[in-house]
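Please read it alongside the sequence and the coordinates.

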Amino acid sequence: MSTATSLHRRRKTTNSLMMTLCLVAAGIGLAWLALILGALLYKGLAGLSVSVFTEMTPPPGDAGGLLNAIYGSVVMTVIAVIVGTPIGVLAGTYMAEYGRFSRLTTIVRFINDILLSAPSIIIGLFVYELLVRPMGHFSALAGSVALAILVIPVVVRTTEDMLNLVPNALREAGTAIGAPRWVVIKSVAYRAALSGIVTGILLSIARISGETAPLLFTALNNQFWSSNLNAPMASLPVTIFQFALSPYEEWQQLAWTGALIITLTVLALSIVARSLTGRREDK
Amino acid sequence: MTTVSEAMPSLAAMQAREATVRRFALTDAIFRAATRFSAILVLLILGGVAISLFVGSWQAMSTFGVSFLTTESWNPVTEKFGALAPIYGTVVTAAISILIAVPIGIGIAIFLTELCPRPLRRPIGIAVELLAGIPSIIYGIWGLFIFAPFVQTTIQPFFINLFHDVPVLSSLFAGPPYGIGLLTSSMILAIMVLPFITSITKDVFDTVPAVLKESAYGIGCTTWEVTRRVVIPYTRVGIMGGVMLGLGRALGETMAVTFVIGNAHRISASLFAPGTTISATIANEFTEADGELYTSSLIALGLILFVITFLILAIARYMLMRIDRRTGA
């Protein structure tokens with residue numbers, strides 16, 4: 001009898017110990033998020049002012065802003081999304097619609113998942129070999145291509161997943177009134193999956209807006225205002241990288257402010273993306 | 001007469017309809033070809049990455065041969081390059097980060113599936129996933145200015161004092177506390193891969209049939225026993241897939257590590273010593289590399305990283321596909 005109760009007590013103790021550890025683990029995860037966001041707000045807000053958005057990156061030891069870097073990031077992100085989204089959506093369409101059960105789809109899905117988590121610096125090296133070396137110079141165009149390659153797998157994945165969620169009865173209804181396949185896809189499947197596909201695009205923007213590694217040796221950096229796509233262009237992440245590692249206090253401050261801007265952008269994008277799909281799940 | 005003309009459309013109308021059908025078939029074929037081409041493009045990108053890295057690193061590979069993998073020296077002046085130090089740094093930091101992140105990640109997943117009150121589940125899950133969305137450069141700047149000084153003043157002296165008379169551990173945790181180095185990088189990598197491991201583990205935990213858990217609870221098991229004896233064995237393959245996916249991330253992570261690794265091309269026994277990883281070396285030196293052989297050696301490093309991560313990620317996906325198939329059936 002006494003051994004039974006001691007066994008029971010031991011099991012209960014182990015249970016509460018392990019559950020406490022799990023609670024602690026969750027606490028650590030949340031605390032870390034709070035610590036990082038707190039530090040960013042504290043350090044970043046100190047330097048946040050209008051001049052950050054209106055002035056160019058300064059020479060060492062001077063005051064200035066991040067205008068050319070923000071502009072460069074926006075330009076390259078927009079081009080990357082314009083180039084990458086159609087390819088991603090079309091590839092996802094093939095996998096979910098035309099080739100749902102084909103061998104090609106299985107292979108593409110596997111390769112796409114690997115591309116999704118492949119180190120982004122490798123993509124930078126690829127675009128360097130593909131564009132920068134033959135052209136002989138760094139350019140914003142090369143940077144955009146590198147980012148577009150990062151957009152594609154995210155969009156492919158979400159497009160395929162979301163199209164697979166569209167009930168087949170909808171497609172059959174479209175086919176039954178005589179619509180050809182591509183009209184069914186365009187007017188039925190895309191419309192039903194629209195919020196999901198938009199989510200994928202938003203997530204891909206969130207992903208590339210903070211990417212630094214693939215830009216280091218494609219778009220390089222630029223201390224000055226440049227809107228020439230065939231020349232090196234500044235970007236927010238690369239500027240942060242350069243400024244944070246510099247010994248100048250003004251530069252380090254700008255790096256923190258830039259980091260805050262990027263983080264808020266990324267968090268806002270992921271929250272909007274999540275609320276789009278969240279609404280779907282609730283229905 | 002009128003009834004006949006209604007039932008039998010005129011020749012012109014039939015031709016028009018046939019033309020429409022042909023046009024539809026043509027557009028459909030074009031659309032289909034465009035989607036198929038885009039899908040193949042995804043394969044071409046990965047193929048292109050492999051080929052370009054191979055071509056770019058050819059010069060280094062033909063100059064150094066296999067010794068590239070086993071040489072520690074990295075000297076741009078004498079153009080003697082070996083990848084051993086970056087490979088060592090990459091593997092060690094990734095391994096330690098996984099050792100830290102796996103128990104915490106699984107702990108959070110258990111918390112979210114078994115303990116957490118239902119209304120809090122979604123917000124906490126989202127918060128952990130937001131950690132995954134924060135760009136790596138943010139972890140880098142945070143690591144350099146906030147975390148590294150904390151490691152230098154608190155964590156490193158603690159470990160040095162704790163292990164200074166334990167034979168093996170004393171050399172692992174030795175040397176002056178710089179703040180930056182292998183251990184700091186590993187800890188930041190651990191934070192970065194944590195959300196991936198957590199979210200995949202949580203997803204596979206959710207695939208456990210409720211009846212299995214209920215029968216275990218029914219014979220009087222505690223929550224921990226259910227988790228340990230039912231949930232984890234059932235989802236082992238999926239958890240391994242998640243861990244491998246995290247490992248792939250940790251191996252290839254660039255910017256965060258570049259900030260805090262210290263960029264020293266040598267292999268030290270101490271985890272406190274500065275080191276380097278493959279990706280940090282490329283990020284730091286690529287634009288400054290003068291000379292074909294230097295650039296080519298850096299691309300060869302990229303090729304090594306590509307091969308390692310490709311294998312790890314392929315294994316991860318294979319494992320996750322197996323669990324998908326089981327739940328899909």
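The notes below go from conventions to the interface, then to salt bridges and helix pairs.

This is a predicted model, in which local features need pLDDT of at least 70, side-chain atom pairs count only at pLDDT 80 or more, and totals for chains, interfaces and linings use all residues. Residues are numbered from 1 along each chain as its sequence is written, chains are lettered from A and ligands numbered from 1 in the order in which they are written, and side-chain values use heavy atoms, with hydrogens and water left out.

**Interface of chain A and chain B**

- In the interface, 79 residues of chain A are in contact with 78 residues of chain B (contact means heavy atoms within 4.5 Å).
- About 7300 Å² is buried between chain A and chain B, and carbon and sulfur atoms give 81% of this area (buried area is the accessible area, with a 1.4 Å probe, that two parts lose on being put together, summed over both).

**Salt bridges**

- Over all chains, the count is 11 salt bridges (a side-chain nitrogen of Lys or Arg within 4 Å of a carboxyl oxygen of Asp or Glu).
- Three salt bridges are found across the interface of chain A and chain B.
- Asp113(A) forms a salt bridge with Arg317(B), with the closest N and O atoms 3.9 Å apart.
- Asp113(A) also forms a salt bridge with Arg157(A), where the closest N and O atoms are 3.1 Å apart.
- This second pair links distant parts of the chain, with Arg157(A) in helix H6 (residues 140-165) of chain A and Asp113(A) in helix H4 (residues 103-117) of chain A, 44 residues apart.

**Helix pairs in chain B**

- Helices (H or I, at least four residues) and strands (E, at least two) are DSSP runs, numbered from the N terminus.
- Axes are lines fitted to C-alpha atoms, for helices over the stretch in contact, and angles run from 0 to 180 degrees between N-to-C directions.
- The axes of helix H5 (residues 84-115) of chain B and helix H9 (residues 182-205) of chain B come within 6 Å and cross at roughly 40°.
- H5(B) is therefore oblique to H9(B) (under 35 degrees is roughly parallel, over 145 roughly antiparallel, 65 to 115 roughly perpendicular and the rest oblique).
- The axes of H5(B) and helix H12 (residues 236-252) of chain B come within 9 Å and cross at roughly 140°, which means that H5(B) is oblique to H12(B).
- Residues of H5(B), including Val91(B), Ala94(B) and Ile98(B), meet residues of H12(B), among them Val243(B), Gly246(B) and Leu247(B).

**Helix pair in chain A**

- Helix H3 (residues 67-98) of chain A and helix H8 (residues 181-192) of chain A pack at an angle of about 105°, with their axes 12 Å apart.
- H3(A) is therefore roughly perpendicular to H8(A).
- Among the residues that meet are Glu97(A) and Tyr98(A) in H3(A) and Arg181(A) and Trp182(A) in H8(A).
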